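Here is a short briefing on charged side chains. Have the sequence and the model open as you read.

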Amino acid sequence: MGPFSISGAQLRQTECMTSLKDTLKSDLTAAIKAGDNMLKSTLRLAIAAVMNAEVAGSEAVELSDDQVLKILQAETKKRLESAEIYTQAGRTEAAAQESAEAEILSRYLPAAMSDDELLVIVTEEVAAAVAAGNEGAKAMGLVVKAVRARAGSSADGAKIAALVKSALG
């Protein structure tokens, strides 16, 4: 080990200073050593998705934690949708696999905002839009954008849109 390298144990101790991608990689190493095939394959898929996104543009870039988080959210959503489709098709084994992968990926996501908390934000933003003279369907985009800014990555976009649509009437 060189003078600037960090061992796995030290990496775990300073995890708050590491990136989400580094956390995924260190957890993959631990899963390989532990022989956890489900965790290993899921983390490999997640890391591959992150690496594909890094090289997707005209030049390679290093993604921020927020960008990695969005990729993990998309991958989790894909797994949940696949599990639902497999369940409808009667393929319970494949559905269980996809659900297990979604559960693993969700460990790396922030806690989801409750419906009540989200409804409070939606109500406040709708009131602000109405006060500014925006009502009905034309206010939808403004309110959704404001709610997303306040809720961050802890709320599902489809859920936000549905709540805003029902609040605006």
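Where is the place of E62? E62 sits in the loop between helix 3 (37–54) and helix 4 (65–88). The model is predicted. It holds 8 salt bridges. The points below cover a charged surface patch, then salt bridges between helices, then a network.

**Negative patch**
- A patch of negative charge on the surface gathers D22, E62, D65 and D66.
- E62 counts as exposed because its relative accessibility is 60%, and the cut-off for exposed is over 50%.

**K21 and E54**
- K21 and E54 form a salt bridge, with 2.8 Å between the closest N and O atoms.
- This pair links distant parts of the chain: K21 is in helix 2 (residues 20–34) and E54 is in helix 3, 33 residues apart.
- K21 and E54 are both buried.

- R150 forms a salt bridge with E124, and their closest N and O atoms are 2.5 Å apart.
- R150 is partly exposed, at 42% relative accessibility.
- E124 is partly exposed too, with a relative accessible area of 40%.
- E125 also meets R150 in a salt bridge, at 2.9 Å from N to O.
- That pair links helix 6, which holds E125, to helix 7, which holds R150, across 25 residues.
- E125 is buried, because its relative accessible area is 16% and buried means under 20%.

**Network**

Key
Residues are numbered from 1 along each chain as its sequence is written. This is a predicted model: local features need pLDDT of at least 70, side-chain atom pairs count only at pLDDT 80 or more; totals for chains, interfaces and linings use all residues. Side-chain values use heavy atoms; hydrogens and water are left out. Patches are made of residues with over 30% relative accessible area and no salt bridge: like charges are joined within 9 Å, nonpolar side chains (Val, Leu, Ile, Met, Phe, Trp, Tyr) within 5 Å. Accessible areas come from the Shrake-Rupley method with a 1.4 Å probe; for residues, only the protein chains shown count as cover. A salt bridge is a side-chain nitrogen of Lys or Arg within 4 Å of a carboxyl oxygen of Asp or Glu. Lys and Arg count as positive and Asp and Glu as negative; His and the chain ends are not counted. The place of a charge is taken as NZ of Lys, CZ of Arg, CG of Asp or CD of Glu. Helices (H or I, at least four residues) and strands (E, at least two) are DSSP runs, numbered from the N terminus. Buried means under 20% relative accessible area, exposed over 50%, partly exposed in between (1.4 Å probe, protein chains only).
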